[in-house]
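Q: I would like to learn how to read a few features of a structure, beginning with the place where chains meet. Could you take me through them one at a time?

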Amino acid sequence: MPSNMLHVAIVDYGINNIRSVRNAVEYCGFDPVISQDRAAIEDASHVILPGVGAFGDAMAKLRARGLDDVLERVVREKGKPFLAVCLGMQLLARASEEHADDGEPHRGLGWLDADIRRIRPNDPELKIPHMGWNTVSKMREHPALAAIRPGNLAFYFVHSFSMHCNDERDVVGCAQYGQSITAIVARDHIVATQFHPEKSQDSGIELLGNFLRWNP
Amino acid sequence: MLKKRLIPKFLLRDGRLVKYVRFFENERMAGNPVTTAKVYNDYGVDELIVLDIVPSEASRARVVDVIERMSEEIFMPFTVGGGVRTPDDVAALLRAGADKVSVNSQAVRRPQFVREAARIFGDQCMTVSIDYRKVGPRHCNVFIDGGRERVPLDPVEWALRCQDLHCGEILLGSIDRDGTMDGYDLDMIHLLAGRLGVPLIVSGGCGSLQHAIDALESGASAVAISSMFLFTDHSPIKLRSHLASRGLNVRAGVGSRN
C-alpha cells in the first residue's frame, strides 16, 4: 500500500507530551515524523494534530510558526487525511470561550461550524475536568470506527471544554456527562476526537490504525 | 457515563518497584516496573500512577527511562511524580510520556507553583498528591517529604485550596492505612468528595474487593491500588468484574485480549 511507504506527520507546535502519539503511530506499523516543517507536513500521507493545554495559547503557537497556513494548504486545499486530537479537535472550531476573560472569545481555525464552551454539569457529583473512560455512542458510521465492536467504544477523555456543532452532520459520536459531549466529528477527509486514542488502549489503537489506513 | 477508574500505583526506589507499610515499614521488592505495567495493561487497568519515593537527580533519570519504555508499548494515561519542583521538571516528565504530573511537597512549600504549572501545561496535567495521617481523635494533618515532615494543614482544606490553584485532580493518600490492606479512610473520602469539584483518586488501605466498592460508593472517582494487586490474587480483571456485578460503572469487556 502506498500509504505505508510515506511518513505520517505529527504537527509539532511546541506542546509537550506528543511522544505517546508518535509511539502509537509506530505501534500501528507506520512511520511517524514530528515536525513543524512545511515540506515534511506536505510530503506526509496523513497528518495528525495533537493537542493539550489551553486553546488561546495553542492557537498563538500555531500562528507563530505559520502552521495555520500550512494546515490550510495541506489539509483544506490538498485534501490529505487529517486527524485532530483533544485540543487539536477544538482548534477546528470557530471560537472558544476558554480563558476569554476580556469577553472576546479566542478564534480557532474555523474549519467546522462549531464553538467551544465550558462543560457545566448541574450535578455536583460530576467533576471537572471530565477525566477518565467514557462510552461513545455512534451517531453515524465512519471508517475510523470500522470493526471496533460496540462494546469496545470506550475511550479516555480529559477536558473541561467541549465542542458544540451547529451542523449535526459533522457529529460522528457522543459521550454523556450530564450533557451530550461531542466525542468524534468528521467532514470529508477530516476526523477529530475529543478523547485521546493514543491513551485508549486497544480501542484507541484500532481507531488510529483505521485512520492511518484510510484513503478517502 | 464516565467510568470509575482502577489505577495501580507504583512506588519506585532507584527505578525499582517497592512497597512498604505505612510508608516506612516492611520494605518489599515488587518486581520490574515496566514488565509489571505490561501485565496490568493486558488486564486493562484504566491508568497508572508512578511515584519516585526517594527522588534525586540520578533517580529522575531512571524514572524518565522507565516512563519512556512504558510509553512505547502501553497506551493508557500515566501520572508520574516524586521530587517535582519546577516547570522544567514537569516538562521533562511530560516529554518522557507522562500525561499528568503529581506534585506533593513543592505544592505545600510554594503553592503558586501549582498555578504557574497549570497555566503552562494545562490544569488537567497537574495532580496534587496529598499524604495525611491522624494526629488526634478528630484531627488530621498533611505530611510532606514522603511522610517525614508534618505541616499544619488540614487535608480537606488543603485539597480545596489546591483546586483553587487549578490542579486537575487530587490524589489523596492515608499514611496510616498505606500497605495495611485494612480498607480506605471512608469518612475522609466522603467528606472531601462531597466538597471537591475536581476528580478525587484515593489511596491507602485497599485489601479486598469490597474496600474498592466502599471507596467508590463514598464518592471517589478512582481507586489507587498497590498491595492488593501486588501481593494477593485479586487481579484488576477480578476486581473489575466484581465491581460490574455489583452495579458500579466500570469499563467492561477489556482485559481479555484475544
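A: Let us begin with the contact between the chains, bearing in mind that this is a predicted model. Here 33 residues of chain B are in contact with 32 residues of chain A. On the chain B side, the elements that give two or more residues are α2 (57-73) and α3 (87-96) of chain B, and the largest share, three residues, comes from α3(B).

Q: How do the residues of the side of chain B that touches chain A divide into nonpolar, polar and charged?
A: The general idea is that the size of an interface is often given as the accessible area lost when the parts come together. For composition, the side of chain B that touches chain A has 14 nonpolar, nine polar and 10 charged residues.

Q: With which residues is Met76(B) in contact, leaving aside its neighbours within four places in sequence?
A: Met76(B), which is found in the loop between α2 and β5 (78-81) of chain B, is in contact with Tyr156(A), Lys199(A) and Gln201(A), and also with Asn41(B), Asp46(B), Glu47(B) and Leu48(B), once neighbours within four places in sequence are left aside. Asp46(B) is 30 residues away from Met76(B) in sequence, yet the two are 6.9 Å apart in space, C-alpha to C-alpha. Met76(B) counts as buried because 25 other C-beta atoms lie within 10 Å.

Q: Which residues of strand β14 of chain A lie on one side and which on the other, and are they buried or exposed?
A: In β14 (residues 190-193), Ile190(A) and Ala192(A) are on one side and Val191(A) and Thr193(A) on the other, and all are buried, so that both faces of the strand are covered. Strand β4 (residues 82-85) of chain A pairs with β14(A) in the parallel sense over four bridges, with Leu83(A) as the bridge partner of Val191(A). Strand β13 (residues 180-187) of chain A pairs with β14(A) in the antiparallel sense, also over four bridges, and there Arg187(A) stands opposite Ile190(A).

Q: Where are there backbone angles that deserve a second look?
A: Most residues other than glycine have a negative phi, and most peptide bonds are trans. In the hairpin of β13(A) and β14(A), which has two residues between the strands, Asp188(A) takes a positive phi near 50°; Asp188(A) is exposed, because 11 other C-beta atoms lie within 10 Å. Asp145(B), in the loop between β8 (139-144) and β9 (149-151) of chain B, has a positive phi of about 55° although it is not a glycine. The peptide bond from Ile128(A) to Pro129(A) is cis, with omega near 5°, and Pro129(A) is placed in the loop between β7 (114-118) and β8 (130-135) of chain A.

Key
Residues are numbered from 1 along each chain as its sequence is written. Chains are lettered from A and ligands numbered from 1 in the order in which they are written. This is a predicted model: local features need pLDDT of at least 70, side-chain atom pairs count only at pLDDT 80 or more; totals for chains, interfaces and linings use all residues. Two residues are in contact if their C-beta atoms, placed from the backbone, lie within 7 Å. Ala, Val, Leu, Ile, Met, Phe, Trp, Tyr, Cys and Pro count as nonpolar, Asp, Glu, Lys and Arg as charged, and the others, Gly among them, as polar. A residue is buried if 20 or more other C-beta atoms lie within 10 Å of its own, exposed if 12 or fewer, and partly exposed in between; C-beta atoms are placed from the backbone. Two strands pair if DSSP finds at least two bridges between them.
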